[in-house]
Amino acid sequence: MAHLTPFIAALTVDLSQIGNADGEAPRVIKLLPAGTFRARDGRPAECAAWTLDGVLAAILITAANQRETRYVIDYEHQTLRSEHNGQPAPASGWFGVLEWREDGLYATDVEWTDKAAAMIAAKEYRYLSPVFTYDKHGRVTGLLHVALTNNPALDELPELQVAVLSRLISTPSTTQEDSAMDELIEQLRWLLNLPVGATADDIQTQLQKLIDQLSNGQGTAAASVDLVSLFGTQQQRIAALSANQVDPARFVSVETMRALQEQVAALTAQQHGRAVDELITAALSDGRLLAVQESWARDLGKKDLPTLQSYLATAPAIAALSTTQTQGQPPAGSVTPTLDADTLAVCSMFGNDPDAVAAVMKEQA
């Protein structure tokens with residue numbers, strides 16, 4: 001990404017409003033307010049107001065975490081003046097940890113020199129003046145350093161100081177920060193599923209939507225929600241739901257079950273009927289059943305097949321009904337008498353004795 005020199009400004013913050021009640025130098029200092037804000041002198045001129053919210057603050061906090069050196073707090077912006085006046089720029093304090101709160105951006109680990117702490121306690125210094133960069137829309141994009149000052153007129157940086165700052169933020173170290181920022185933007189694109197060409201404005205819009213979702217539209221900073229814990233909980237819920245899902249391979253619908261039951265019933269009835277037919281056909285052929293018994297046997301087989309099977313297993317076979325003495329040929333010169341049902345019953349009474357049957361036949365003739 002080509003380096004673009006941002007706009008530069010400084011504010012004045014009253015130390016007495018953030019100091020400790022006992023007058024000691026504060027360990028936590030407020031650097032920039034939340035929301036939109038302007039300087040007392042009417043700046044900025046390039047946009048309606050400066051803006052800082054949770055999304056922009058997250059970028060500043062990330063940049064602070066990636067720094068190898070701590071932010072300096074000097075006296076009267078001497079860091080900017082030293083190149084012009086040749087004087088040293090001693091530090092009054094240092095800090096490296098930034099934190100976003102509801103009312104603004106804070107440094108939470110300030111270390112003051114003994115000299116600076118004494119002057120603050122004695123109220124020899126009353127104001128802090130953080131120097132920051134911003135874009136054409138007024139959005140705060142970076143924090144450079146902070147100064148102890150008693151001159152609120154430093155709200156308006158002289159052209160010389162702006163020129164020095166421009167050179168400072170164009171140094172190789174800043175180029176490394178730009179590279180880190182490019183990497184951060186690329187990671188945000190991936191996280192938000194945005195195309196490669198998505199701009200910082202696109203990213204901010206999507207991040208704001210995410211913040212609104214997490215805060216139910218209350219605008220709470222994303223830092224107030226433990227995203228890692230939230231995602232972990234969601235993954236556990238998804239795993240539990242997946243484990244409790246019905247396996248289609250193990251369960252079938254009620255309609256399918258009913259259809260299968262009907263098919264099984266039809267096949268069972270068909271097989272049952274075939275078994276009854278086979279039993280009755282065999283019994284009729286070997287004389288265990290008489291023709292007049294067929295209807296009764298079929299009704300019994302449909303209702304109670306085992307009982308029919310038991311009956312036929314013990315019923316005597318009538319040989320006269322299955323074979324003839326002449327192997328089916330009538331005797332020469334004789335006429336085969338017709339055997340009616342009564343005759344067959346008599347045959348059965350005499351144990352199928354041919355002589356007895358013949359005698360009966362003669363008597364009937």
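Analyst: Let us start with D109, bearing in mind that the model is predicted: a polar atom of the D109 side chain lies 3.0 Å from the backbone nitrogen of V97, and a polar atom of the D109 side chain also lies 3.1 Å from the backbone nitrogen of G96.

User: Where is D109 placed?

Analyst: D109 is in the loop between strand 9, residues 104–107, and strand 10.

User: Is D109 buried or exposed?

Analyst: D109 has a relative accessible area of 15%, and because buried means under 20%, D109 counts as buried.

User: And which residues does D109 touch?

Analyst: Leaving out residues up to four places away in sequence, D109 touches R27, R70, W94, F95, G96 and V97.

User: Switching to salt bridges, how many does a search of the whole structure find?

Analyst: The search of the whole structure finds 10 salt bridges, and one of them is between R101 and E99, where the closest N and O atoms are 2.8 Å apart. R101 is partly exposed at 31% relative accessibility, and E99 is likewise described as partly exposed, at 33%.

User: What about R139, which side chain does it meet?

Analyst: R139 meets the side chain of D135 in a salt bridge, with 2.9 Å from N to O, and R139 counts as buried, at 15% relative accessibility.

User: Okay, and where do R298 and E294 lie?

Analyst: Both R298 and E294 lie in helix 9, which covers residues 294–303, and they are four residues apart, about one turn of the helix. They form a salt bridge whose closest N and O atoms are 3.2 Å apart. R298 is partly exposed, with a relative accessible area of 27%, and E294 is partly exposed at 27% as well. Elsewhere, salt bridges that share partners join R70, D109 and E111 into one network.

User: New topic, helix 3: which residues are buried there?

Analyst: In helix 3, which runs over residues 114–121, A116, M119 and I120 are buried. These residues cover an arc of only 100° around the axis, and therefore they sit on the same side of helix 3.

User: What covers those buried residues of helix 3?

Analyst: The cover includes strand 6 (71–75), strand 7 (91–95), strand 10 (111–112) and strand 12 (140–149).

User: Last one, what follows helix 3?

Analyst: Helix 3 is followed by K123, a residue whose phi is positive, near 60°.

Note on methods: Residues numbered from 1 in each chain as written. Predicted model: local features only at pLDDT ≥ 70, side-chain atom pairs only at ≥ 80, totals over all residues. Heavy atoms only, no water. Buried < 20%, exposed > 50% of the residue type's maximum accessible area, 1.4 Å probe, protein only. Helix = DSSP H or I, 4+ residues; strand = E, 2+ residues; numbered from the N terminus. Arc of directions from axis to C-beta. Contact = heavy atoms within 4.5 Å. Polar contact = N/O pair within 3.5 Å; in protein donor to acceptor, adjacent residues only side chain to side chain. Salt bridge = Lys/Arg side-chain N within 4 Å of Asp/Glu carboxyl O.
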